[in-house]
Amino acid sequence: MKKHQTKNFGDVDYWLAEWLKSSRRASPNTHEAYIRDVGRFLATASKPFDQVAVTNILEYQSSLSEFAPKTAARKLASVRSFYRFLNNREVTNLNLARIESPKIQQTVDHDKLLTEKEVAALVAAATNDQHRLFVRFLYLTAVRVSEALALRWRDITPLGCGSAEAHIIGKGNKRRDVFLPSELFLSIGLFASGGGDELVFSFIKNRLHALRIVQGMAKAAKIDKSVTPHSLRHAHISHALKNGATIAELRDQAGHANVSTTSLYAHSDNTRATATRLKVQ
């Protein structure tokens, strides 16, 4: 095997830093978690990082049974990502295909979902019109926060009666068109500072900024739940199902790859109300 030629070849800190550079879109907190995960693995393996074998990773995987499934999966994913990076740089040559990621059963805790009243209280608690618009957009469209932050003016196409549709690029670079009711489209237009390639929500710096905004609004609204921007996506799907939307419709709206994911939000009592369009002022 031809190994990467560099004076830093044997320096694990060098390669960790290079690996993190390749995932620079991740937040500082995520980078810290990556370092902890790989550090824990290397301490368990008790070998230099470039002498690790697949059997060492498999043994480590078995030791993760003490953690919750999602936590264990993340810790293993960090190690796999690091060694995939090293493989690509010809530092190591591990057959990572032998390491299967654990299957995690997806569930939705309905007790933690925001109610329609809580969403209304959250929006009402906003003291900034731009922040209020952003939260309303997340709830009324069910888009992921990363999708909203990537939306540009050229991605919005006006329709008849003052409404519009937003062309969203989701996971796997798949495009879907999300309907924007006229009142929401009008509100977005009020904050237009340009057009074309400019970001629609340029006033939101990044996902961490979005998180802090939503958490601040939740605190002001005295909502005793863990609330994140993604909570609004969950709330939209749950509320729309209760109000008569079909699972197939919401799968397309949310960009789920499979209807089984959307079905998780269906309430056990299968209660259906008259279909109405979700609204928040």
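The model is a predicted one, and every value below was computed from it.

Strand S1, covering residues 156–158, runs antiparallel to strand S2, residues 164–169, and three bridges join the two. Within this pairing, Ile156 faces Ala166 of S2. The hairpin that S1 and S2 make has five residues between the strands, and Cys161 adopts a positive phi near 60 degrees there. Strand S2 also pairs with S3, again in the antiparallel sense, this time over six bridges. Here Ile169 has Arg175 in S3 as its bridge partner. The hairpin of S2 and S3 likewise has five residues between the strands, and in this case Gly172 takes the positive phi, near 70 degrees.

Strand S3 spans residues 175–180 and includes Arg176. With a relative accessible area of 9%, Arg176 falls under the 20% limit and is therefore buried.

Turning to the aromatic residues, the model contains 10 aromatic pairs. Phe41 is buried at a relative accessible area of 0%, and Tyr83 is buried at 0% relative accessibility. Tyr83 also pairs with Phe82: the ring centres are 5.2 Å apart and the planes stand at 75 degrees, so this pair is edge-to-face. Phe82 is buried as well, with a relative accessible area of 0%. Ring pairs extend the picture into a cluster made up of Trp19, Tyr34, Phe41, Tyr60, Phe82 and Tyr83.

A last stop is His234, which sits in helix H10, residues 229–242. At 23% relative accessibility, His234 lies between the limits of 20% and 50% and so counts as partly exposed. The C-alpha atoms of His234 and Leu113 are 7.0 Å apart in space, although 121 residues separate the two in sequence.

Note on methods. Residues are numbered from 1 along each chain as its sequence is written. This is a predicted model: local features need pLDDT of at least 70, side-chain atom pairs count only at pLDDT 80 or more; totals for chains, interfaces and linings use all residues. Side-chain values use heavy atoms; hydrogens and water are left out. Helices (H or I, at least four residues) and strands (E, at least two) are DSSP runs, numbered from the N terminus. Buried means under 20% relative accessible area, exposed over 50%, partly exposed in between (1.4 Å probe, protein chains only). Rings of Phe, Tyr and Trp (its six-membered ring) pair if their centres lie within 6.5 Å; planes under 30 degrees apart count as stacked, over 60 as edge-to-face and the rest as tilted. Two strands pair if DSSP finds at least two bridges between them.
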